[in-house]
Amino acid sequence: MTDSSLHDTPDDPALTTREAARLLGVSVGTVQKWVESGELAGWKTPGGHRRVRWSAVAGMLSLPGSTPGRAADPAEFVPEPRPAYPVTAEEPARLAAVRRSGLLDTPADPALDRIAWLASAVTDTPVALLTVLSSRRQWFKARVGLDVAETPRSWAFCSYTVLQGEVFLVEDAINDPRFADNPLVTGSPHIRFYAGAPLRDASGFALGALCAIDTRPRSLSATQVRAILELAQLASDRLQQ
């Protein structure tokens, strides 16, 4: 579908999908999928060729002329061809939402730190995290009881949480075939119990999770489950500001 209002302008030129792919460090096919899904604004010429605006591409990378922000590694937002973690067909759109959020590697937020502390307190767990999931890593926007700042995405229990509409519970990871061989279970911090709820942006995409972790098998009361959901919603509201 063409749009006669989208003419080339000197300050915001139209790019081919090949040019956009080179700038973004992804394949032409990936750019075409983003255009088709609406994650990257674009249009078709009368000859059927896709075009995108420089400003739309610049906005993805925080290039000169885009909204100020951290320059992201484009590879973090490209789906893995054979991921070692569960995904749905929405993963490309979810990763695009993570990219738009600009959350990765940002400074600590005291409000989110307090939410993580409350999650730990209300569940009586030694560890609580607010995670953000790229295609390659699980990065901790806030953390209580854990020193490391990130893990590989393939280790992330939260990869299961972002697929859920409610709290995802693992009462004894060592006896769960999905996690028994996970390095976070067999090694530090020796996870046995996990409870997580998704953190969502304004469009409903799960950027990551709020989770509580323990080194002993256990469960949560109905009140604690509700508390995790409510705190995850508070954190989501904060991320959307």
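This is a short chat about a predicted model.

Q: What should I know about the model and its numbering before we start?
A: Residues are numbered from 1 along each chain as its sequence is written. The model is predicted, so local features need pLDDT of at least 70, side-chain atom pairs count only at pLDDT 80 or more, and totals for chains, interfaces and linings use all residues, while side-chain values use heavy atoms, without hydrogens or water.

Q: Is Cys 158 buried or exposed?
A: Buried, at a relative accessible area of 1%. Buried means under 20% relative accessible area, exposed over 50%, partly exposed in between (1.4 Å probe, protein chains only).

Q: And Cys 211, buried or exposed?
A: Cys 211 counts as buried, at 1% relative accessibility.

Q: New topic. Where does Thr 161 lie?
A: In helix H6, residues 158–161. Helices are DSSP runs (H or I, at least four residues), numbered from the N terminus.

Q: What does Thr 161 touch?
A: Leaving out residues up to four places away in sequence, Thr 161 touches Phe 168, Tyr 194, Gly 196, Ala 197, Pro 198 and Ala 209. Contact means heavy atoms within 4.5 Å. Thr 161 is also buried, at 0% relative accessibility.

Q: Why is H4 called largely enclosed?
A: Because eight of its eleven residues (91–101) are buried. Among them are Glu 91, Arg 94 and Arg 99.

Q: What follows H4?
A: Gly 102, with a positive phi near 65°.

Definitions and conventions
Helix = DSSP H or I, 4+ residues; strand = E, 2+ residues; numbered from the N terminus.
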